[in-house]
Amino acid sequence: MTSQDMGRVAMISGANRGIGNAVARRLHREGYRLSLGVRRPAAFTDRSGLEGGGEVAAIAYEAAEVASATRWVDETMARFGRIDVLVNNAGIHRNVTLESGGEDELDELLAINVKAPFRLIRAALPHLKASGAGRVVNVASMSGKRARNLAVGYQMSKAAMVMLTHAVRRIGWESGVRAVAVCPGYVRTDMAGGPTAPPRDQMTDPDELAGLIATVVGLSNTASVAELLVNCQYEHML
Ligand SMILES: NC(=O)c1ccc[n+]([C@@H]2O[C@H](COP(=O)([O-])OP(=O)(O)OC[C@H]3O[C@@H](n4cnc5c(N)ncnc54)[C@H](OP(=O)(O)O)[C@@H]3O)[C@@H](O)[C@H]2O)c1
């Protein structure tokens with residue numbers, strides 16, 4: 001059965017640019033109906049790659065605001081009547097090391113990268129279970145798998161997201177919910193950069209990553225990928 005036959009609905013946070021936008025365009029092409037969680041829906045006017053096909057709604061979602069998760073889930077249910085896929089993509093990077101960076105930046109990393117996806121999963125879980133083939137994609141990072149630089153604040157947030165993924169698998173498995181932690185290295189978006197970054201043409205293409213994500217989302221309940229590690233550079237452990 002294809003996504004068109006089933007009218008499957010995907011929620012994607014941070015779908016206005018970067019990896020989230022690439023995933024939105026890809027899932028749209030595959031026939032999913034989309035609920036795009038963006039901070040400023042009125043400013044989300046670039047619909048390239050989202051023309052025609054399944055229905056697309058841009059709905060207000062602010063990860064820093066506690067009530068935003070249930071509001072977005074409720075609005076998605078009101079609009080589409082079901083939720084089959086949740087892509088927790090919205091995220092931030094702050095340079096917090098053990099020797100630098102402030103308490104506020106650390107709080108912000110944990111609030112946006114960890115607590116917000118936690119709340120979204122909690123709010124969407126009953127609907128994902130009802131789907132019978134619910135999918136959660138947590139866009140974590142290779143930074144959640146190893147400490148290649150000193151940015152431990154970001155690394156902790158992404159390691160937590162990997163564990164959150166395993167928690168979803170544990171609680172949702174019997175109801176057909178499958179979850180994957182996507183762990184890329186550098187991806188060619190606004191976020192990627194810094195002194196150790198490779199040239200941009202050597203970073204992973206967000207569209208190619210979106211293709212991998214769509215493939216994992218489309219797998220049956222009996223072919224589940226728990227972690228998807230994607231390198232653009234040689235890593236001697238991963
Ligand atoms: N790029 C990389 O090299 C890389 C590697 C590994 C993992 N990742 C992860 O991939 C995910 C997407 O990153 P990206 O590279 O596409 O970054 P990006 O281009 O900077 O996009 C970040 C997205 O997150 C949204 N966002 C940020 N704070 C938000 C908030 N408080 N509420 C709602 N939305 C918020 C942004 O919305 P606005 O436009 O409103 O700011 C934007 O849509 C992140 O979780 C990131 O940690 C990226």
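Thr 165 sits in helix 5, where helices are DSSP runs of H or I with at least four residues, numbered from the N terminus. The model is a predicted one, so to speak of local features takes a pLDDT of at least 70 and side-chain atom pairs count only at pLDDT 80 or more, while totals for chains, interfaces and linings use all residues. Residues are numbered from 1 along each chain as its sequence is written.

Thr 165 counts as buried because 25 other C-beta atoms lie within 10 Å; the cut-off is 20 or more, with 12 or fewer meaning exposed and anything in between partly exposed, using C-beta atoms placed from the backbone. Leaving out residues up to four places away in sequence, Thr 165 touches Asn 138, Ala 179, Val 180 and Ala 181, a contact being two C-beta atoms, placed from the backbone, within 7 Å.

Now for the ligand. Its surroundings take in 26 residues, and the closest are Gly 14, Gly 18, Ala 63, Gly 91 and Thr 189; a residue is near if its C-beta atom, placed from the backbone, lies within 6 Å. Helix 2 (residues 18–29) supplies the largest share of this shell, 3 residues. Sorted by class, the shell holds 13 nonpolar, 9 polar and 4 charged residues. Here Ala, Val, Leu, Ile, Met, Phe, Trp, Tyr, Cys and Pro are nonpolar, Asp, Glu, Lys and Arg are charged, and the others, Gly among them, are polar.

Conventions: Helices (H or I, at least four residues) and strands (E, at least two) are DSSP runs, numbered from the N terminus.
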